[in-house]
Structure formats: structure tokens, C-alpha cells
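This report considers a predicted model.

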Amino acid sequence: MTDKKPLVVLIHGFLGHPEEFGELIPLLQSHGYATHQVCLPEHGNEPGYIANITWHDLLSHCHTDLDRITIDYSDIHLIGFSLGGALSLVLSAQRPTDFKSLTLVAAPCKPVFNLEFGQYHIKNFFNRFLPGLPRHQWNTGFPKPMFYPHDLIRLYRQMDSLFTAVQDSAPRLALPTLLLHSAYDLTIPYEHSEWLHAAIPAETNLVTLLDCGHQVFPHKVKGTVGQSVIHHIQTVDQRYLTRLTG
């Protein structure tokens, strides 16, 4: 490859799908950015069994994917949604010179258990016995990885370990960071982004969304979300160019 356009790497959420970023991809491309959507293990068009992997496996996959794709790009921006946001934050702390900016959308920083996740789990469980239920229509309509009731304790232990890494990593971030979060998010409470906003020492901007819940993508890209992401990335790029020509 000889394409040296700036690159935006996007990491989807737990039980999510690379395409859930929706119209954000063509929006970024229309502003001259190449894009790469990380597909986490056991996710994607042929999702598997989520209890087969740990968050360390997910993070290792992100590192490998970044090593493979980013060698052909000089300027890289990172965007993570939900679990992908938590992974992105830890990645940024572990690779402090690899990225120019970080965008975290509804990123969690501590354990949560709530009705929305419980509803999905119940539906997921009954789909095993009542296959007529619309198993792929929860929130985004993309295929979802599977798990069983006995996996819940293990999954929550995994997430608790990840959130410890998030809390340890946030005070070490040196990247300009954009936080996007809905005040009406029933999955990851808004207070998580408030905590990150206070904990990250780098320049950090928190944008509050008022017209959606947790599922910012793919439906709410137009307007505030898209404008905020593009403005954040372009501002960082412009500052970098100013320093080079300064």
C-alpha cells in the first residue's frame, strides 16, 4: 500500500458488530480519512461463543490488528464505542505514541448491571428454545455472539478486571480525548464519562447527547455525533500541521 491518508481505527462494543458505526464511516471518508473497523473475536457476521475469550484476548487482537494495518499510515486516530471504548483507552495508554487523538463513545469504567443488558440476556436464553423469536434484532439488528446463564459470573469478572485496567490507564493518557455520552443511556450510565472526563489529564471534551440511549450508532451519526467527531479529529490534525510549519 502507498496510501498515506490519515487513518481512523474504530472498535465496536460488546456483542456488537464492526458495521454498527453506520454513517460515521462514509462521513469520515468524505473528509479524507481512511477507515478500519476492528472485528473483535467471536463477533462479526458469524459470531461465536463469547465465553471462549477473555478481555485480554480482545486487547491482544486489537494490538495485532493495529500492527498489521497501521504500518502504512502516519497519522492514526482511534474511536471506541462502549466496550470498544474501554479497550481503546487501555490501548492508548499502552501505545502512547501511536495515536493522534482518542474518541470514547459511551465508554464504561466500572461494572454495571441493568435492565437493558438483562433483557437481552433473557431474550438470548429463550432463543435457544424458541427459535422463532427475532434473535438478531436487539438494538442494531446485527448478529450477536451467544452465551449461557452460567457464563454471566465469568463475564462480569472479566469486565471487572478490564475496568480496573481502564481506571489505571485513564490518569496516564496524554492524547486529546473526546467523550460522547447520552444522558439517557440505560446501559452505561452517563456518570462513567463524567468520571473519565475528570480522570484523564490530557485535554478532554465531554459532549452530552440528549436524543438517544446507549445505541448512538448507527442511528445518531448525523448531527451532533458526526460533527463532534470530525471537529475533534480535524482540530488535532490542524494543530499538528501548525507545529510542523510553525
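## Packing of helix 2

The elements that cover the buried residues of helix 2 include strand 1 (7-11), strand 2 (34-38), helix 3 (83-94) and helix 5 (152-169). The buried residues themselves are Trp-55, Leu-58, Leu-59, Cys-62, His-63, Asp-65, Leu-66 and Ile-69. Viewed down the axis of helix 2, they fall within an arc of 165 degrees and so line one face of the helix. An α-helix has 3.6 residues a turn, so residues three or four places apart point the same way.

On the face of helix 2 turned away from the buried side lie the exposed residues Thr-64 and Arg-68.

## Salt bridges

The model has seven salt bridges. In one of them, Asp-98 pairs with Arg-95, with the closest N and O atoms 2.7 Å apart. Arg-95 is buried, at 12% relative accessible area, whereas Asp-98 is partly exposed, at 29%. Asp-67 joins Arg-95 and Asp-98 in a network of salt bridges.

Glu-191 and Lys-110 form a salt bridge at 2.6 Å, N to O. Glu-191 belongs to helix 6 (residues 191-199) and Lys-110 to the loop between strand 4 (101-105) and helix 4 (115-126), so the pair ties together parts 81 residues apart in sequence.

A salt bridge also joins Glu-203 to Arg-239, with the closest N and O atoms 2.6 Å apart. This pair links the loop between helix 6 and strand 6 (204-209), which holds Glu-203, to helix 7 (residues 221-245), which holds Arg-239, 36 residues apart. Glu-203 is partly exposed, at 49% relative accessibility, and Arg-239 is partly exposed, at 37% relative accessible area.

Notes: Residues are numbered from 1 along each chain as its sequence is written. This is a predicted model: local features need pLDDT of at least 70, side-chain atom pairs count only at pLDDT 80 or more; totals for chains, interfaces and linings use all residues. Side-chain values use heavy atoms; hydrogens and water are left out. Buried means under 20% relative accessible area, exposed over 50%, partly exposed in between (1.4 Å probe, protein chains only). Helices (H or I, at least four residues) and strands (E, at least two) are DSSP runs, numbered from the N terminus. The arc is that of the directions from the helix axis to the C-beta atoms. Contact means heavy atoms within 4.5 Å. A salt bridge is a side-chain nitrogen of Lys or Arg within 4 Å of a carboxyl oxygen of Asp or Glu.
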